[in-house]
Amino acid sequence: MAAGTPRRQILFKVVLPAAVPSILTGCRNRAGDLLHRGVPRRNDYLDRGLGHLLVTAARTFQAVDMFVPLITISLLGLILNGLLQGLRSYLLRGSEV
């Protein structure tokens with residue numbers, strides 16, 4: 001700003017590029033938290049969904065029936081993590097972060 005650079009240029013050339021690694025790390029952490037905590041809890045009171053299947057099977061001690069939703073949720077987590085990691089690699093290409 002001391003050199004007379006416009007605020008918009010400072011935002012897009014300095015502030016956002018510096019913040020992108022932290023923003024993407026936060027997105028990856030929250031995505032994992034959503035799959036870990038959100039799927040079973042949010043679908044617990046519904047009559048459909050992977051979380052409902054998982055919680056119902058756990059409450060009725062049906063271990064075999066727990067595997068399909070558990071594996072599906074795990075695969076969704078791996079895919080989501082891979083997509084976010086790919087986005088991070090794409091957006092931060094050429095940087096050393």
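## Secondary structure

In this predicted model, the secondary structure of the chain comes to three helices and zero strands. Read from the N terminus on, the elements follow the order α-α-α. Helix 2 covers residues 50-59, and helix 3 covers residues 63-91.

## Burial, surface and contacts

The chain has 97 residues, of which 21% count as buried. As for contacts within the chain, when residues at least 6 apart in sequence are considered, 42% of their contacts join residues at least 24 apart.

Which residues make the nonpolar surface patch of about 830 Å²? The patch is made by V64, F67, L70, I71, L75, L78, I79 and L83. One of these residues, L83, has its place in helix 3. L83 counts as exposed because its relative accessibility is 58%, and the cut-off for the exposed class is over 50%.

Most residues other than glycine have a negative phi. F61, although it is not a glycine, has a positive phi of about 60°.

Is the side of the chain at F61 buried or exposed? With a relative accessibility of 76%, F61 counts as exposed, because the exposed class begins over 50%.

Key. Residues numbered from 1 in each chain as written. Predicted model: local features only at pLDDT ≥ 70, side-chain atom pairs only at ≥ 80, totals over all residues. Heavy atoms only, no water. Patch = residues over 30% accessible without salt bridge, like charges linked within 9 Å, V, L, I, M, F, W, Y side chains within 5 Å. Areas by Shrake-Rupley, 256 points an atom, 1.4 Å probe, with all protein chains shown as cover. Salt bridge = Lys/Arg side-chain N within 4 Å of Asp/Glu carboxyl O. Helix = DSSP H or I, 4+ residues; strand = E, 2+ residues; numbered from the N terminus. Buried < 20%, exposed > 50% of the residue type's maximum accessible area, 1.4 Å probe, protein only. Contact = heavy atoms within 4.5 Å.
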